[in-house]
Amino acid sequence: MQLSKSLLLLAAQSRIALGQTNSTNGTTDVPFYPLSTDDHFSFLFYEMLALSGGGGAATGEVLRAAAKIEAGNYESFYNEFKFLADSLHDTAASINATKFPVSAREAYFRSASYYRASLFYLTENQTDPRLFSVWETAKDDFDQAISLLDIKGERVTLKGPGFDIPVIFWKSPKAAECNTPVPTILLGNGYDAPQEDTWHGLGREVLDRGWNFVTYEGPGQPTVRREQNLGFIPNWWDVVTPVIDYLETRPEVDKKRIALGGLSFGGILAPLAASREHRVAAVLAIDGLQNLQRVAFQQFPASLQKLYQSGNQTAFDKYINAVRSSPQAPTLLKWFIGQGLWSFNTQSPYDWFKRLGQINLDGDILKNVTAPVFVGKGEDDDIAGGQEEVVASILGSQAYLHEFKTALGAGEHCQLGAEPQLAQAAFDWLGEVFEAI
């Protein structure tokens, strides 16, 4: 079908609302050299390249896949990354891990990353069996890899109110060597990323500072969505509080120095949890979102805004489903909708969008956060729609707003590809907070 003028406008404006990677976005320089004629594919290739710094990918492997993948073709994206994953999995399995543990470990880490990457666009079809079978292979390969680390990640499953919470705990070498409790960072992702990716992005940065590193997932996030069939919930403190309870039982954790961080959509989830969970010593909101639904809604054509506000679910669903099925709609917009339906475990765009809006930092929520908050802002990251300044303003003296610069390659969403700059700014600030306790 042909898109109407309103649908074409929505498709075009989605580039602004959701932060395309090869637009100028307020600077005179293109932030990244595009690796695909499809903007969102290009962003994903850079996301994969960013994992290279922490052993989750290799640049030559990713660039070869990027050269082979047909722009905008989800099956091509799946096939090329699945090919890489299978090949590296076979390599890892053929290595004598007892004799050559580093070689086996590194190959397993990369195969796990490529398996996860291959599934990225398949969430448009929630019944695709590959979403589950390939995921299990990725998880198995990651577990093989962490079993071969000197600092072994420990998987723990905790009980929440009506759901289980998967956690990975990485014990600080300092805590192990000195037999003393040390600070701990509990870090969560957001709309789509798995906790395993976070190890490659920031895990080593945390451990190298002598702190424990802990990741978790809640309803709507990759593992819980697959294994428990649960979508996102607005009461995110019910996810975080059982994890804090658990951390306080561990002798290597300094109970007074636990920081809670959130990446991307997790920049809403972490402060939201901290508005009820006051045992955390600090909060990291990277980036400082307040309400993702509002960012998207403000880019809707007026007719679509009125349609949503009318409460006509049938008509809204029909409109958005037409966008999803149109070849004229950009990949980013189609993925944003499809991933939303998947992560909120619904078939109705209206239901997804309504529930997305229920997860926010509006009203007095931020006033209930008692810990200091690091608010990250990428100079070229329009996903937050300028909400970082609003969040910092509401928090007042509790907030530290840090803008990462495009000129230094750190201006993209969550400082994609410049994780050392993110770690330096956020963790130096956090170190000062810990020191003052």
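1. A word on the basis of what follows. The model is predicted, and local features need pLDDT of at least 70, side-chain atom pairs count only at pLDDT 80 or more, while totals for chains, interfaces and linings use all residues. Residues are numbered from 1 along each chain as its sequence is written, and side-chain values use heavy atoms, with hydrogens and water left out.

2. A nonpolar core is a set of buried Ala, Val, Leu, Ile, Met, Phe, Trp, Tyr and Cys residues joined through side-chain atoms within 4.5 Å, where buried means under 20% relative accessible area, exposed means over 50%, and partly exposed lies in between (1.4 Å probe, protein chains only). The largest such core has 103 residues, and of these Phe81, Trp236 and Leu247 touch the most other members. Helix H2 (residues 39–50) gives the most to this core, with eight residues. Apart from it lies another core, of 40 residues, among them Ala145, Phe374, Ala426 and Phe427.

3. Two strands are said to pair if DSSP finds at least two bridges between them. Strand S1 (residues 154–160) and strand S2 pair in the antiparallel sense over seven bridges, and Thr157 stands opposite Pro166 in S2. These two strands form a hairpin with two residues between them, and Gly162 in the turn has a positive phi of about 95°.

4. Strand S2 (residues 163–170) also has strand S4 (residues 212–216) as a partner, for four bridges join the two, which run antiparallel. The bridge partner of Trp170 in S4 is Phe213. Since seven of the eight residues of S2 are buried, this strand is largely enclosed by the rest of the structure.

5. Strand S6 is mostly covered as well, with five of its five residues buried. Ala282, Leu284 and Ile286 lie on one side and Val283 and Ala285 on the other, and all are buried, so both faces of S6 are covered. Five bridges join strand S5 (residues 253–263) to S6, and these strands run parallel; in S6, the bridge partner of Gly262 is Ala285.

6. Some backbone details deserve a second look, given that most residues other than glycine have a negative phi, and most peptide bonds are trans. A cis peptide bond joins Ile286 and Asp287, with omega about 10°, and Asp287 is placed in the loop between S6 (282–286) and helix H12 (292–297). Asn229, in the loop between helix H9 (222–228) and helix H10 (237–247), has a positive phi, near 60°, and is partly exposed, with a relative accessible area of 45%. Asn345, in the loop between helix H15 (331–343) and helix H16 (349–357), has a positive phi of about 55° although it is not a glycine, and it is partly exposed, at 29%.

7. The pockets were found on a 1 Å grid over the protein atoms alone, a pocket being an open set of points where a 1.4 Å probe fits, with protein on both sides within 12 Å along at least five of seven lines, and lining residues having an atom within 4 Å of a point. The largest pocket has a volume of about 240 Å³, where grid points are joined across faces, edges and corners and the volume is the space filled by probe spheres set on the points. Its lining has 17 residues, of which Ala50, Gly53, Gly54, Glu419 and Pro420 lie nearest its centre. The elements that give two or more residues to this lining are H2, helix H8 (195–207) and helix H18 (419–436), and H8 gives the most, with five residues. The lining divides into eight nonpolar, six polar and three charged residues, where Ala, Val, Leu, Ile, Met, Phe, Trp, Tyr, Cys and Pro count as nonpolar, Asp, Glu, Lys and Arg as charged, and the others, Gly among them, as polar.

8. Finally, Asp208 is found in the loop between H8 and S4 and, at 61% relative accessibility, counts as exposed.
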